[in-house]
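The following note collects points on the packing of the model shown below.

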Amino acid sequence: MTGSPIIVALDGMTTREAILLTKDLKDLIHAVKVNALLYEGKWSLECIFSRFKSLGVKIFADVKLYDIPKTVRDSTNNFSRLGADYVSVSVRAGKEAVAAALTSRGDTNVLVHFSLTSRDAEGGRGLTIARTLMAVGLGAQGVIVPANEVPIVRSTLTVSKSDAAIVVPGIRPSWYGLADDQHRTATPREAIREGADLLVVGRPITCSSNPRDAAQKILEETLAARQK
Ligand code: C5P
């Protein structure tokens, strides 16, 4: 994948703050990631999505859908009609729910979310391989995995000849110095070197006194890591 791999997680801010931050970062990022924290305010989802679209950034609706297949299908369809470029479905919703999302996705990419990096590893290599094979077998466009699972997912995708994207949250640059609530973290360089395609980065950018500078440093680190 070329271009910026950064998906900035717009958590814990008002819609207005999120739009201002996106304006500031738009040339340094691949997408913005929005979730319920952002759209609980007074702006409609249509309005928020169209503002991001007009800034030319991709939108990742990180809703981690976990429901019966019909509801997952309808929710995916709603986000697709709103113009989301990515929507996440929890692997725990099961094979039928992931398949249902894929039937109604339109042009939206379905990312299967494996586990929370704020928790410790769940089921070992075997579970990661099984989940990856399930996601790619159904035709999902990507998976979201903690950094420590990236090597095993990358080798499973290679063996399966799949071009599904590997999206990695829990990114902590060495200069940031905090893990916050994340347990399975990696630097941008480590994640890219292990085989990540896209990096979800929240607080190292959004809590920085200079978010643009933070995003620039992360982008430079990832571009350098890709070259080696
Ligand atoms: O601020 P931070 O960089 O920790 O942001 C992490 C973001 O990534 C949050 O929006 C969280 O919902 C998401 N995340 C995730 N899956 C994980 C870990 C974090 O979707 N395993």
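**Notes on packing**

1. Apart from neighbours within four places in sequence, Thr222 contacts Pro5, Pro188, Ile192 and Leu199 (contact means heavy atoms within 4.5 Å). Thr222 belongs to helix α10, where helices are DSSP runs of H or I of at least four residues and strands are runs of E of at least two, numbered from the N terminus. With a relative accessibility of 0%, Thr222 counts as buried; the term denotes under 20% relative accessible area, exposed denotes over 50%, and partly exposed lies in between (1.4 Å probe, protein chains only).

2. The model is predicted: local features need pLDDT of at least 70 and side-chain atom pairs count only at pLDDT 80 or more, while totals for chains, interfaces and linings use all residues. Residues are numbered from 1 along each chain as its sequence is written, and side-chain values use heavy atoms, with hydrogens and water left out.

3. The largest nonpolar core comprises 62 residues. Such a core is a set of buried Ala, Val, Leu, Ile, Met, Phe, Trp, Tyr and Cys residues joined through side-chain atoms within 4.5 Å. The residues with the most contacts inside this core are Leu10, Val32, Phe49, Phe52, Val168, Leu199 and Ile205. Helix α10 (residues 211–227) gives the most to the core, with 5 residues. A second, separate core of 10 residues includes Phe60, Tyr86, Val167 and Val200.

4. What does Val168 touch, if residues up to four places away in sequence are not counted? Its partners are Val145, Pro146, Ala147, Val150, Ala196, Leu198, Leu199 and Val200.

5. Strand β8 (residues 198–201) is covered on both faces: Leu198 and Val200 are buried on one side, Leu199 and Val201 on the other. Strand β1 (residues 6–9) pairs with β8 in the parallel sense over 3 bridges, and Val8 stands opposite Val201. β7 also pairs with β8 in the parallel sense, over 2 bridges, with Val167 opposite Leu198. Pairing requires that DSSP find at least two bridges between the strands.

6. In helix α7 (residues 150–159), the buried residues are Val150, Ile152, Val153, Thr156 and Leu157. Viewed down the axis of α7, these residues fall within an arc of 165° and so line one face of the helix; the arc is that of the directions from the helix axis to the C-beta atoms. Their cover includes α6 (124–138), β6 (142–144), β7 (165–168) and α8 (188–194). The face of α7 turned away from its buried side carries the exposed Thr158 and Val159. Just after α7, Lys161 has a positive phi of about 55°.

7. Helix α3 (residues 45–54) has Ile48, Phe49 and Phe52 buried. These cover an arc of only 95° around the axis, which puts them on the same side of α3. Exposed Glu46 and Ser54 are on the face turned away from the buried side of α3. Gly56, which follows α3, has a positive phi near 80°.

8. A search of the whole structure finds 1 aromatic pair. The ring centres of Phe60 and Tyr86 are 6.2 Å apart and the planes stand at 70°, so the pair is edge-to-face. Rings of Phe, Tyr and Trp (its six-membered ring) pair if their centres lie within 6.5 Å; planes under 30 degrees apart count as stacked, over 60 as edge-to-face and the rest as tilted. The pair links distant parts of the chain, with Phe60 in strand β3 (residues 58–65) and Tyr86 in strand β4 (residues 86–90), 26 residues apart. Phe60 and Tyr86 are both buried.
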